[in-house]
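Visitor: Hi! Could we look at this one together and talk through its side-chain contacts?
Guide: Happy to, here it comes.

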Amino acid sequence: MRSPVEVAQGCVGVSRYNFWEENSRPPSMVNCYTLIEWIFAQCGIFLPRSLIGQLYYGDPVAPDLWRPGDLLFIGDCRWGAYRDEQRAKNGVGHNGIFAGGGMVIHASSRKGTVVREGYQEFLGYDKARFRGIYRVIEG
């Protein structure tokens with residue numbers, strides 16, 4: 001079975017971004033959380049369909065302990081944000097999968113497709129947007 005990062009890498013430049021995607025057409029048409037849900041389902045791990053649900057599914061990870069397959073969450077003021085009193089007081093609006101080597105794979109609204117880019121570019125060069133990284137797969 002392929003790892004989540006291997007599945008995600010297969011979507012780079014192939015899957016198209018659609019903000020209103022409701023999980024009916026992955027991997028061809030995705031938004032950030034439908035991409036993550038589909039990737040993990042291909043690996044036998046069934047995540048919630050919502051961004052906040054995915055945030056709660058994993059366990060928080062310290063920045064020096066990140067591993068490929070961990071999920072990164074950031075605030076995203078362009079589309080509004082989902083708020084929650086425990087894990088997302090300042091709002092969370094986007095997520096991606098850590099690919100290792102400082103790289104993140106995510107469905108980019110700016111580029112209209114799934115991309116693999118550096119962590120700083122994923123953040124939009126604004127560290128204040130970072131909301132946390134969560135581990136879904138132990139081991």
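Visitor: Let's start with a cysteine. Is cysteine 11 buried or exposed?
Guide: Cysteine 11 is buried, with a relative accessible area of 4%. Keep in mind that this is a predicted model.

Visitor: And cysteine 32, what's its relative accessibility?
Guide: Cysteine 32 comes out at 7% relative accessibility, so it counts as buried.

Visitor: How many disulfides are there?
Guide: The count is zero disulfides.

Visitor: OK, switching to rings. How many aromatic pairs does the structure hold?
Guide: There are five aromatic pairs. One of them is tryptophan 66 with phenylalanine 98: the ring centres are 5.4 Å apart and the planes sit at 75°, so this pair is edge-to-face.

Visitor: Are tryptophan 66 and phenylalanine 98 buried or exposed?
Guide: Both tryptophan 66 and phenylalanine 98 are buried.

Visitor: Nice. What about tyrosine 119 and phenylalanine 130, how are their rings arranged?
Guide: Their centres are 6.2 Å apart and their planes at 80°, so tyrosine 119 and phenylalanine 130 are edge-to-face as well. Here too the pair links distant parts of the chain, with tyrosine 119 in helix α4 (residues 119–123) and phenylalanine 130 in strand β10 (residues 130–135), 11 residues apart.

Visitor: Which side of the burial cut-off does tyrosine 119 fall on?
Guide: Tyrosine 119 is buried at 18% relative accessible area, because buried means under 20%. Phenylalanine 130, at 25% relative accessibility, counts as partly exposed.

Visitor: Which residues do ring pairs link into a cluster?
Guide: Trp66, Phe98, Tyr119 and Phe130 are linked into a cluster by ring pairs.

Visitor: Time for charges. How many salt bridges are there?
Guide: The structure holds three salt bridges. In one of them, aspartate 70 pairs with arginine 135, and the closest N and O atoms are 2.8 Å apart.

Visitor: How many residues apart are aspartate 70 and arginine 135?
Guide: They are 65 residues apart, so to speak from distant parts of the chain: aspartate 70 is in the loop between β3 and β4, and arginine 135 is in strand β10.

Visitor: Buried or exposed, those two?
Guide: Aspartate 70 is buried with a relative accessible area of 2%, and arginine 135 is buried at 10%.

Visitor: Which residue does glutamate 117 meet in a salt bridge?
Guide: Glutamate 117 meets lysine 111, at 3.1 Å from N to O. Glutamate 117 counts as buried at 3% relative accessibility, whereas lysine 111 counts as partly exposed at 40%.

Visitor: And glutamate 121, what does it bridge to?
Guide: Glutamate 121 also forms a salt bridge with lysine 111, with the closest N and O atoms 2.8 Å apart. Glutamate 121 is partly exposed, with 25% relative accessibility.

Visitor: What do the salt bridges that share partners join up?
Guide: They join Lys111, Glu117 and Glu121 into one network.

Methods: Residues are numbered from 1 along each chain as its sequence is written. This is a predicted model: local features need pLDDT of at least 70, side-chain atom pairs count only at pLDDT 80 or more; totals for chains, interfaces and linings use all residues. Side-chain values use heavy atoms; hydrogens and water are left out. Rings of Phe, Tyr and Trp (its six-membered ring) pair if their centres lie within 6.5 Å; planes under 30 degrees apart count as stacked, over 60 as edge-to-face and the rest as tilted. Buried means under 20% relative accessible area, exposed over 50%, partly exposed in between (1.4 Å probe, protein chains only). Helices (H or I, at least four residues) and strands (E, at least two) are DSSP runs, numbered from the N terminus. A salt bridge is a side-chain nitrogen of Lys or Arg within 4 Å of a carboxyl oxygen of Asp or Glu. A disulfide is a pair of cysteine sulfur atoms within 2.5 Å.
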